[in-house]
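These notes are meant to be read beside the model. Please keep the sequence and the 3D view open while going through the points.

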Amino acid sequence: LGVSLLATLCVTGSVHARTSPIQVGIALNVEEARIEVTGEAGCSGVAEIRRLGAGDAFTARVSRGRILLQPTRSTDDLAVYEVADTFRVNPLSASSFVQINGKRYRGGLKIFRSPLGKVHVVNVVGMEDYLRGVLPHEIGRLSSQTVEAGKAQAVAARTYALSYIGRRADQGFDVFDTVEDQVYGGVKDEGELTDRCIRETAGVVALYDGSFIRANYSSTCGGITSNIEDVWPEPPLPWLRSVADRPEDGGEDFCKISGQYRWTDIWETQEFLDIINRTIPEHIEKMPRRARRLDDIRVESRSPSGRIARLVISTDVGEFTVRGDRVRWILARPKRSVGVGGPGGILRSAFFKIAAVRSGDGTPYAVVASGGGYGHGVGMCQMGAIGMARRGYDYGQILH
């Protein structure tokens, strides 16, 4: 891709990127979990349970600070086994799966007591099998026209996962199975085209100075991505820089195909006050009392990509400054919001204009935000990747 691409794509010379198991937290701090196997599996951690057969199931729960396993077959209703420390389940064939509360996964499990005294269930799975459960959720449905976007997603997701192995060792796993890291759904949503993307990029990762990069991505950038330090309190990274989401010779933004490319949200003033009375104390600072009057809302500064850097909300109980991507949590979506997630979730992006709409006497009766994009805007724009694939770009060009 040339020396201008700071994060170099390469096929790793070791088996590490292809076979490293990753530990995914799939049921964390739960009161109990139902565990089942579809084929023979070996076990460790309970002297009385060394092997399970197809259909065997049990419930894991915590009692008096101990993990207890109770088989669910009628003949074993009174049997309860204590876990020494960590109970592990490892299927003995590639066609055998484990199930947690009815959801099927490849690889094995480890079950242990969490620091909060509840049950943690972790899926220990090979990297490529993990990606099979990630891609359908992160890049969505593919077609023959958008396979190259799926390949770009596979490289990004693989690199992200490898960069996180060991980072949460003190919690007993590597990554969450949610948007906290990468959405992972196990076997259910695996697909032929996403599997193909994983196979055809097997072992391909993005490196900077010999190390796996932090490979962030988000749904829709709205026309331009963001520098990482403008979104989160992080140091600048050479590969997470703001870039325009359009051809170098001009033309429409690649992510214009997204339903979230442009949007408008409207809050009635009382609804807006109800939201900030909840979110400001949760995310910014304590309020002396509930705000009953909105005086003004204004953008004080923007980042180089045009996203909100400082937003000031003026009320009868004071002014509150919201910085960077945090505005998405403070300005939860209103009742009149449509599109991804519907009303009530965090704001779609920090790339917007906002103003109080006033009546004849100057009193605000509504707040209107018009913006673009969905997500934090750092790294690869997924809808931009799909738009590029449709225009004939390959996955290396997309990641570049």
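1. Helices (H or I, at least four residues) and strands (E, at least two) are DSSP runs, numbered from the N terminus. By that count the protein has eight helices and 24 strands. This is a predicted model, in which local features need pLDDT of at least 70 and side-chain atom pairs count only at pLDDT 80 or more, while totals for chains, interfaces and linings use all residues. Residues are numbered from 1 along each chain as its sequence is written, and side-chain values use heavy atoms, with hydrogens and water left out.

2. Overall extent and burial. The C-alpha trace spans about 75 × 55 × 35 Å along its principal axes. Of the 400 residues in the protein, 51% are buried. Buried means under 20% relative accessible area, exposed over 50%, and partly exposed in between (1.4 Å probe, protein chains only).

3. A sheet to trace by eye. Two strands pair if DSSP finds at least two bridges between them. Six strands form an open sheet in the order β8-β7-β6-β3-β10-β11, with antiparallel pairing. Its edge strands are β8 and β11 (103-105), each of which pairs on one side only. Strands of a sheet pair through backbone hydrogen bonds, either parallel or antiparallel.

4. Strand β3 (residues 32-37) is joined to β6 by five bridges, and Ala33 stands opposite Ala60 in β6. Strand β6 (residues 57-63) is in turn joined to strand β7 (residues 66-71) by six bridges, again antiparallel. Here Arg61 stands opposite Leu68 in β7. Two bridges link β7 to strand β8 (residues 81-82), where Glu82 is the bridge partner of Leu68.

5. The turn between β6 and β7. These two strands form a hairpin with two residues between them. Which residue in the turn has a positive phi? Arg64 does, with a phi of about 55 degrees.

6. Helix α2. This helix has 12 residues and reaches 16 Å from its first C-alpha to its last, close to the 16 Å expected at 1.5 Å a residue. The expected span is 1.5 Å times one less than the number of residues. Nine of the 12 residues are buried, and α2 is mostly covered. Among the buried ones are Met127, Tyr130, Leu131, Val134 and Leu135, and also the glutamates Glu128 and Glu138. Gly140 follows α2 and has a positive phi, near 80 degrees.

7. The largest pocket. On a 1 Å grid over the protein atoms alone, a pocket is an open set of points with protein on both sides within 12 Å along at least five of seven lines, a cavity is a set of points where a 1.4 Å probe fits but cannot get out, and lining residues have an atom within 4 Å of a point. The largest pocket holds about 1200 Å³ of space. Its lining has 38 residues, and the closest to its centre are Val179, Tyr217, Arg328, Gly375 and His376. The elements that give two or more residues to this lining are α2 (127-138), α3 (147-164), β17 (217-218), α6 (327-330) and α7 (382-390). The largest share, three residues, comes from α7. By class the lining divides into 17 nonpolar, 10 polar and 11 charged residues.

8. The cavity. How many cavities of 30 Å³ or more does a search of the whole structure find? The search finds one, and the volume of the largest cavity is about 40 Å³. Residues lining the largest cavity include Asp230, Arg307, Ile308, Asp325 and His376.

9. Cysteines. A disulfide is a pair of cysteine sulfur atoms within 2.5 Å. The whole structure has zero disulfides. For Cys221, the nearest cysteine sulfur is that of Cys381, 3.6 Å away. For Cys255, the nearest is that of Cys221, 4.0 Å away. Cys221 is buried, at 1% relative accessible area, and Cys255 is buried too, at 0%.

10. A contact across the chain. Tyr395 lies in helix α8 (residues 395-399) and counts as buried at 19% relative accessibility.

How values were computed:
Grid points are joined across faces, edges and corners, and a volume is the space filled by probe spheres set on the points. Ala, Val, Leu, Ile, Met, Phe, Trp, Tyr, Cys and Pro count as nonpolar, Asp, Glu, Lys and Arg as charged, and the others, Gly among them, as polar.
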